[in-house]
Amino acid sequence: MTPLSLEAPAKLNLSLRVVGRRPDGFHLLETEMVLLELADRLLLLPGATGLRVEAQPDEDVPVDRRNLAWRGLLAAMGGTPDLVCLTLEKRIPAGAGLGGGSSDAAAAWRLGRRAAGLTEEAAAADLDTLARLGADVPFFAARTAAASVAGIGERVTPLVDPRTDHVVLADPGFRLSTAAVFAELRPADLADGRSGGNDLLAPALRLRPELGDIMRLVAEAGGEPRLTGSGSTIFALTDDAERAGSIAAGIRRHDLRVVETRLRARPAEIVELGEAAQDAGASAPGMG
């Protein structure tokens, strides 16, 4: 097998509406999503079968078969692969509303499909299957830099690629559970005109009122604060690099973690690696 590498970009929700709920409990969404240059990196290598995760010690990233990247690989290959090592380098914070786990799942699915000699193009049936892993997974698997997404995430309509605007991400230092935010959602929260384009903002603020303080700090620094997904990341967009730097500097003065990145103009592509990567994979530990 040829060693393969693929970036798994983060995402932003530029808008998010909750428009209903199915009998099985899944919420129906309408959202506009875009990719960021901030990305995890996955390697698929021949070697000991298993998953290896490289992440910061404080990141709560599963290192067993609960990991979404591993589940995405299994979905692509129809079961546990033989003598294949998946390495995940985490750069996207977990539980931050940036879609890191879902992007990892989609990237691993694409890598598994390439390794199996199958197309990376996700058909409608593939998107239905991937939506069961997470509502954001089909968007990442659809290989588009921007899209309108509906249903439980399986209906992906590509949009014109966005300009490479600058993005400032403010990390409040805590994480929000997507399930908890949806459980807190109330009818009055839906498209009430106060959500800044995200119906999950109000329930997120009830669970963590500190988010309101972060949004005020971003506004005071010159940005227009918005919540991505179910949180906890607050972001601001600007087409001016100098302004982005000024916003970031203003937020950092309050001892908050800030990431400066940009919207991604195109989806990531798989890269075939050389013998050095293959040698590294041969000795990589499996999950056991």
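Helices and strands are here DSSP runs, helices of at least four residues and strands of at least two, numbered from the N terminus. The model is a predicted one.

**Exercise 1. A loop residue**

Task: Locate Ile152 among the strands, and decide whether Ile152 is buried or exposed.

Solution. 
Step 1. Ile152 belongs to the loop that links strand 5 (146–151) and strand 6 (155–158).
Step 2. The cut-off for a buried residue is under 20% relative accessible area. The relative accessibility of Ile152 is 6%, so Ile152 counts as buried.
Step 3. With neighbours within four places in sequence set aside, the contacts of Ile152 are Arg22, Phe26, His27, Leu28, Ala131 and Ala135.
Step 4. For Val34, 118 residues away along the chain, the C-alpha separation from Ile152 is 17 Å.

**Exercise 2. The sheet and its edges**

Task: Give the strand order of the open sheet formed by four strands, and explain why one side of strand 8 and of strand 10 lacks a neighbour in the sheet.

Solution. 
Step 1. The order is 8-9-7-10, with antiparallel pairing.
Step 2. Strand 8 (226–227) and strand 10 (257–262) are at the edges and have a single partner strand each, so one side of each remains without a neighbour in the sheet.
Step 3. Between strand 8 and strand 9 there are two bridges, in the antiparallel sense; Arg226 is opposite Phe235 of strand 9. These two strands make a hairpin with six residues between them, and in its turn Gly229 has a positive phi of about 55°.
Step 4. Strand 7 and strand 9 are paired antiparallel over five bridges. Here Val168 has Ala236 as its bridge partner, His166 has Thr238, and Ala170 stands opposite Ile234.
Step 5. Strand 7 is also joined to strand 10, by six bridges and again antiparallel. Ala170 faces Val258 across this pairing.

**Exercise 3. Burial within the sheet**

Solution. 

**Exercise 4. Helix 7 and the largest core**

Task: State how many residues the largest nonpolar core has, and identify which element supplies its largest share.

Solution. 
Step 1. This core has 28 residues, and those with the most contacts inside it are Val18, Val168, Leu200, Leu211, Val218, Ile234 and Ile251.
Step 2. The elements that each supply at least two of its residues are strand 1 (4–21), strand 7 (166–171), helix 5 (178–184), helix 6 (201–207), helix 7 (210–220), strand 9 (234–238) and helix 8 (241–252).
Step 3. Helix 7 gives the largest share, five residues.
Step 4. A further core of 17 residues lies apart from it, including Leu51, Trp70, Ala107 and Ala108.
Step 5. The buried residues in helix 7 are Leu211, Gly212, Ile214, Met215, Leu217 and Val218. They pack against strand 7, helix 6, strand 8, strand 9 and helix 8.
Step 6. Just after helix 7, Gly222 adopts a positive phi of about 105°.
Step 7. Leu200 extends the picture: beyond neighbours within four places in sequence, it contacts Leu16, Val18, Val181, Phe182, Leu185, Leu227, Gly229 and Ser230.

**Exercise 5. Aromatic rings**

Task: Classify the arrangement of the Phe139 and Phe140 rings, and find which residue lies over the face of Phe174.

Solution. 
Step 1. The count of aromatic pairs is one. The ring centres of Phe139 and Phe140 are 5.3 Å apart and the planes are at 55°, so this pair is tilted.
Step 2. Both Phe139 and Phe140 are buried.
Step 3. The residue over the face of Phe174 is Arg208, at 3.8 Å from the ring centre.

Definitions and conventions: Residues numbered from 1 in each chain as written. Predicted model: local features only at pLDDT ≥ 70, side-chain atom pairs only at ≥ 80, totals over all residues. Heavy atoms only, no water. Core = buried A, V, L, I, M, F, W, Y, C linked by side-chain atoms within 4.5 Å. Buried < 20%, exposed > 50% of the residue type's maximum accessible area, 1.4 Å probe, protein only. Contact = heavy atoms within 4.5 Å. Phe/Tyr/Trp six-rings, centres within 6.5 Å; stacked < 30°, edge-to-face > 60°. Lys NZ or Arg CZ within 6 Å of the ring centre and 35° of its normal. Pairing = 2+ DSSP bridges.
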